[in-house]
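Visitor: Hi! Could you walk me through this structure?
Guide: Happy to. Here it is.

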Amino acid sequence: MALSVENRLEIMDVVARYNIAADEKDVESTLFHYTGDGQIEGFYSTGRGKEAMRRDLPAIFEGEGTLKRHLAPNLVIDGDGESARVSYVLLVIEGEERPMVGATARITDEMTKVDGRWLISRHLIEVDPSIQVYQQG
């Protein structure tokens, strides 16, 4: 069964709220959007499960330094009524020192519907090579 419009809107809402939680560096709000065995992988990573994520997320948020805005403008959503794969290009905008793109990344979220809610089970971050040039420059 293909994803309904309602499911697609719910998934889009999770991605938006998740990125706002990252803007706010809010560990508990971030965890709210994950399954019990969820995990972040890639450029930034956490251990598997909410306790490991609770331990690892503060260092990730601190590593971003100043205020950042995480924008997810172009979601591609595939799946059925129980699981979905969401791909998008993430724009990380510097929000404190001066407005500029701080990084871009390809994000792939694996999502599962648990008790009627869409939750992220795996958040894969593939940062574009330009961030390495930016950090060195």
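Visitor: Let's start with R69. Which residue stands opposite R69 in β4?
Guide: R69 stands opposite I93 in β4. Before going on, please note that this is a predicted model, in which local features need pLDDT of at least 70, side-chain atom pairs count only at pLDDT 80 or more, and totals for chains, interfaces and linings use all residues. Residues are numbered from 1 along each chain as its sequence is written, and side-chain values use heavy atoms, with hydrogens and water left out.

Visitor: Okay. How many bridges join β2 to β4?
Guide: Strand β2, residues 68-71, is joined to β4 by 4 bridges, and the two run antiparallel. As for the terms, helices (H or I, at least four residues) and strands (E, at least two) are DSSP runs numbered from the N terminus. Two strands pair if DSSP finds at least two bridges between them.

Visitor: And what about β3 and β4?
Guide: β3, residues 76-79, pairs with β4 over 4 bridges in the antiparallel sense. V76 has S87 as its bridge partner in β4. A hairpin through 3 residues joins β3 to β4.

Visitor: How many bridges join β4 to β5?
Guide: There are 12, and these strands run antiparallel. For instance, Y88 stands opposite I107 in β5. β4 and β5 also form a hairpin, with 5 residues between them.

Visitor: Back to β4 itself. I clicked on E94. Is E94 buried or exposed?
Guide: E94 lies in strand β4 and is buried, with a relative accessible area of 6%. Buried means under 20% relative accessible area, exposed is over 50%, and partly exposed is in between, using a 1.4 Å probe and protein chains only.

Visitor: Why does E94 count as buried?
Guide: Because its relative accessible area is 6%, and the cut-off for buried is under 20%.

Visitor: What does the side chain of E94 make a polar contact with?
Guide: With the side chain of K68, at 2.9 Å. A polar contact is a pair of N or O atoms within 3.5 Å; within protein, one must be able to donate a hydrogen and the other to accept it, and residues adjacent in sequence count only if both atoms are side-chain atoms. Leaving out residues up to four places away in sequence, E94 touches T66, L67, K68, P99, M100 and G102. Here contact means heavy atoms within 4.5 Å.

Visitor: New topic: how many residues has the largest nonpolar core?
Guide: It has 27 residues, and those with the most contacts inside it are I11, I40, L57, V86, M111 and W118. At least two residues of this core come from each of α1 (5-23), α2 (27-31), β1, α3, β4 (83-94), β5 (100-114) and β6 (117-127). A nonpolar core is a set of buried Ala, Val, Leu, Ile, Met, Phe, Trp, Tyr and Cys residues joined through side-chain atoms within 4.5 Å.

Visitor: What does M111 touch?
Guide: Not counting residues up to four places away in sequence, M111 touches I11, V14, E82, S83, A84, V86, W118, L119, I120 and S121.

Visitor: Last one: where is G49, and is G49 buried or exposed?
Guide: G49 is in the loop between β1 (34-42) and α3 (50-63). G49 is buried, with a relative accessible area of 9%. G49 and G38 are 11 residues apart in sequence, and 5.1 Å apart in space, C-alpha to C-alpha. Not counting residues up to four places away in sequence, G49 touches G36, D37 and G38.
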